[in-house]
Amino acid sequence: MSARVQRRLAELLCRALESILPPRLRDWGLAIRYELEEIPDDTQALLFALASVRGLAPRALGLRLMQPFGASQGPRAVGALCAAGAVAMGLVYMTLAGAPVGYLVVNAGALVLALVLLALVGRIPEGAGRLSGALILGLSVLLLATAFVGLRIEGAARWVRLGGVVVQPSLVLLPLMLAGFSRTRTPLATAGMVVAALAMALQPDRAMAAMMTVTLATVAATRAGRLTALAFTASLLAFGVTLLRPDALPAVPFVDQVLFSSFEVHALAGLAVIAGSALLLIPVRIGWSGAPDSRVTCLAFGSAWLAAILAAALGNYPTPVVGYGGSAILGYVLSLSALPRPVSSRDGATPAAAHTPRASRDLHSKIALA
């Protein structure tokens, strides 16, 4: 290969690398191009270009692929996309399983309604969060009322009828309350958690009681305190009561036992259910790159939905979002409102200038580490 061809190829590689670098790495591309011009030997220049591409291209491509799910979009926006994806996976499963068309319409309609409600909640100023303790207490009273006046089946009173639709309030409200409590551990919010634990024990509802216990254990482990310990203790007692009380509800088709039975329908249906369930936990990964308080909320959010998924795998409880039922869809999307907002919408942060290379020493070693 002639020296001229080597030089042209090295320059072509550098420009190709620069074109795929995301904005946060673009100054690296400029620095590499400047350093290439300082290398007099064409063979050494080509080797430098190849090493640069090998060191940075995989990371650049990975960041490009993950950009739609990046932290800049915020866990709320990412969670909304994940909810839509999970509902779509659920529709695939139900179609392959031969579910009535009305089931598909209900899940799709619940998603649209939930996204509209999330958008409305997103317009509430951050300062209104001071009222979240009272809100948690108020929602817990609704759960307690459900235990007394809700629809009762086989000794459980977990549902209410709204018009012609049956809704499970605990699946709609409890995830939002738990994620909110991780941010607002006030006496009012703690009282709400205690009342909610009482409601779970009275209904009884092992799945929701387990969700409370797992989530509050996570909050107590990350933000230890008297109030969090009190809330966790109440939830643990409630969960213990639900384990002692009989739970004879049979599995409902397309709602319960979906995680395993979907594979009996078709392998594609099973994969759709698993993929949809995994999507529900992605906001935790996105939120993990935020501030410490935000991480606690994201971790609480993920703990709640992971507990719901595991409960559905172990007992006759609704498989969230991918199974039939709008309550889990509403609950999942509404609980996203407790997650941190996008950084740009909170402080107006602007990205660094893209065409100003940073001072760089020992560029070769940095590229190798990239």
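These entries record what I looked up in a predicted model of a single chain.

**Entry 1. Overall composition**

I began with the secondary structure, which comes to 17 helices and three strands. I then looked up burial: of the 370 residues of the chain, 46% count as buried. For the contacts with a separation of 6 or more, I noted that 77% are between residues 24 or more positions apart.

**Entry 2. Annotated transmembrane regions**

I consulted the UniProt record, an unreviewed entry, for the annotation "transmembrane region". According to that record, the annotation covers residues 77–96, 102–122, 134–153, 159–181, 227–245, 265–284, 296–315 and 321–339. I checked two of these spans against the model. Residues 77–96 are 100% helix and 0% strand, and I found 29 Å between the end C-alpha atoms. Residues 134–153 are 80% helix and 15% strand, with the end C-alpha atoms 31 Å apart.

**Entry 3. Helix 7 against helix 9**

I next turned to pairs of helices. Two packed helices are described by the angle between their axes and the distance between the axes. For helix 7 (residues 169–183) and helix 9 (residues 206–222), I found that the axes come within 10 Å and cross at roughly 10 degrees. Because angles under 35 degrees count as roughly parallel, I recorded helix 7 as roughly parallel to helix 9. From helix 7, I listed Ser170, Leu171, Leu174, Pro175, Leu178, Phe181 and Ser182 on one side of the contact. These meet Met208, Met211, Met212, Thr215, Leu216 and Val219 of helix 9. Sorted by class, the contact of helix 7 with helix 9 has ten nonpolar, three polar and no charged residues.

**Entry 4. Helix 8 against helix 10**

Helix 8 contributes Pro187, Thr190, Met193, Val194, Ala197, Met200 and Ala201 to the contact. Helix 10 contributes Leu227, Leu230, Ala231, Ala234, Ser235, Ala238, Val241 and Thr242. I noted the classes for the contact of helix 8 with helix 10 as twelve nonpolar, three polar and no charged residues.

**Entry 5. The two sides of helix 11**

Which residues of helix 11 (residues 258–265) are buried? I found Val258, Leu259 and Ser262. They cover an arc of only 95 degrees around the axis, so they lie on the same side of helix 11. On the other side of helix 11, I recorded Phe260 and Glu264 as exposed. The cover over the buried residues of helix 11 includes helix 4 (74–97), helix 12 (267–279) and helix 14 (292–314).

Ala88 lies in helix 4. Its relative accessibility is 34%, and Ala88 therefore counts as partly exposed. I also looked up the pair Ala88 and Val322, which are 234 residues apart in sequence but 7.9 Å apart in space, C-alpha to C-alpha.

Asn107 is in helix 5 (residues 101–122). Is Asn107 buried or exposed? With 0% relative accessibility, Asn107 counts as buried. Setting aside its neighbours within four places in sequence, I listed the contacts of Asn107 as Val87, Leu91, Met94, Val321, Gly323, Tyr324, Gly325, Gly326 and Ile329.

Methods:
Residues are numbered from 1 along each chain as its sequence is written. This is a predicted model: local features need pLDDT of at least 70, side-chain atom pairs count only at pLDDT 80 or more; totals for chains, interfaces and linings use all residues. Side-chain values use heavy atoms; hydrogens and water are left out. Axes are lines fitted to C-alpha atoms, for helices over the stretch in contact, and angles run from 0 to 180 degrees between N-to-C directions. Helices (H or I, at least four residues) and strands (E, at least two) are DSSP runs, numbered from the N terminus. Angles under 35 degrees count as roughly parallel, over 145 as roughly antiparallel, 65 to 115 as roughly perpendicular and the rest as oblique. Contact means heavy atoms within 4.5 Å. Ala, Val, Leu, Ile, Met, Phe, Trp, Tyr, Cys and Pro count as nonpolar, Asp, Glu, Lys and Arg as charged, and the others, Gly among them, as polar. UniProt positions are given in the numbering used here, feature names are shortened, and annotations may be inferred rather than shown by experiment. Buried means under 20% relative accessible area, exposed over 50%, partly exposed in between (1.4 Å probe, protein chains only). The arc is that of the directions from the helix axis to the C-beta atoms.
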